[in-house]
Amino acid sequence: MFELKAHTYASKREHYADLVQQARGILAGERDLIANAANFGALIYHNLPQLNWAGFYLYDGTELVVGPFQGKPACIRIALGRGVCGTAAQTRETQLVRDVNAFAGHIACDAASQSEIVVPLIKPDGSLLGVWDVDSPVIDRFDEDDRAGMQALCAVFMESVHG
């Protein structure tokens, strides 16, 4: 059984380092994509403050399709190059959007979302698995520490399903 414990951290980097260790623990020994995605999403959603959505969009060979997530119901399909998720998938670069209202073509699945970070998930063979998407109802919620932390977490996730 896995137990979430409330901690106080000296810094955001320390918090992410702890989350990386927790992610390794809950994903250890399991290779199922959906099971790991569900637990990974729950871990992040319930451990980081000021989030209103955290989850996966998986690439089906044509477009991104919503996968396991925490939060309100979401857009089901997103074309590559469209919105923050589609841009991250197409460019294969993490998208850190401090104000979604300033992002041309932003897709508002939840009108409460004000900032977003999306990390592309690339398989060892270089192909696209999908994206990890996190939204916040707070403008400017995500910064470079979040970018580094989310990318480190996603590396652990990818090792669990493709390691």
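Which residues in helix 2 meet which residues in helix 4? From helix 2 come Leu-33, Asn-36, Ala-37, Phe-40 and Ile-44, and from helix 4 come Met-150, Leu-153, Cys-154, Phe-157, Ser-160 and Val-161. By class, this contact has nine nonpolar, two polar and no charged residues. The model is predicted.

**Helix 2 with helix 4**

- Helix 2 packs on helix 4 (residues 144-162) at an angle of about 155 degrees. Their axes lie 10 Å apart.
- Angles over 145 degrees count as roughly antiparallel, so helix 2 and helix 4 are roughly antiparallel to each other.
- Their crossing is right-handed.

**Helix 1 with helix 2**

- Helix 1 (residues 12-27) and helix 2 (residues 33-47) pack at about 150 degrees, with axes 10 Å apart.
- Helix 1 and helix 2 are therefore roughly antiparallel to each other.
- Helix 1 passes helix 2 in a right-handed crossing.
- Helix 1 brings His-15, Leu-19, Gln-22, Ala-23, Ile-26 and Leu-27 to this contact. Helix 2 brings Asn-36, Asn-39, Phe-40, Leu-43 and Asn-47.
- The residues of this contact divide into six nonpolar, five polar and no charged.
- Asn-36 and Phe-40 of helix 2 meet helix 1, and Asn-36 and Phe-40 also meet helix 4.

**Helix 1 with helix 4**

- Helix 1 and helix 4 pack at an angle of about 10 degrees, and their axes are 10 Å apart.
- Angles under 35 degrees count as roughly parallel, so helix 1 and helix 4 are roughly parallel to each other.
- On the helix 1 side, the contact is made by Lys-12, Arg-13, Tyr-16, Leu-19, Val-20, Ala-23, Arg-24 and Leu-27.
- On the helix 4 side are Asp-145, Asp-146, Gly-149, Met-150, Ala-152, Leu-153, Val-156, Phe-157 and Ser-160.
- This contact has 10 nonpolar, two polar and five charged residues.
- Leu-19, Ala-23 and Leu-27 of helix 1 meet helix 2, and these residues also take part in the contact with helix 4.

- Strand 1 (residues 53-59) pairs with strand 6 (residues 128-136) in the antiparallel sense over six bridges. Gly-55 has Asp-133 in strand 6 as its bridge partner.
- Strand 1 is also joined to strand 2 by six bridges, again antiparallel. Here Tyr-59 stands opposite Leu-64 in strand 2.
- Two bridges join strand 2 to strand 3, and these strands run antiparallel. Val-65 stands opposite Arg-77 in strand 3.

**Hairpins**

- Strands 1 and 2 form a hairpin with four residues between them. In its turn, Gly-61 has a positive phi of about 100 degrees.
- Strands 2 and 3 form a hairpin with five residues between them.

**The annotated span**

- An unreviewed UniProt entry lists residues 50-156 as "domain: GAF".
- In the model, this span is 21% helix and 35% strand.
- The end C-alpha atoms of residues 50-156 lie 23 Å apart.

Methods. Residues numbered from 1 in each chain as written. Predicted model: local features only at pLDDT ≥ 70, side-chain atom pairs only at ≥ 80, totals over all residues. Heavy atoms only, no water. Axes fitted to C-alpha atoms, helices over the stretch in contact; angles between N-to-C directions. Parallel < 35°, antiparallel > 145°, perpendicular 65-115°, else oblique. Left-handed = near helix turned anticlockwise from the far one by under 90°. Contact = heavy atoms within 4.5 Å. Nonpolar A, V, L, I, M, F, W, Y, C, P; charged D, E, K, R; others polar. UniProt positions renumbered as here; feature names shortened; annotations may be inferred. Pairing = 2+ DSSP bridges.
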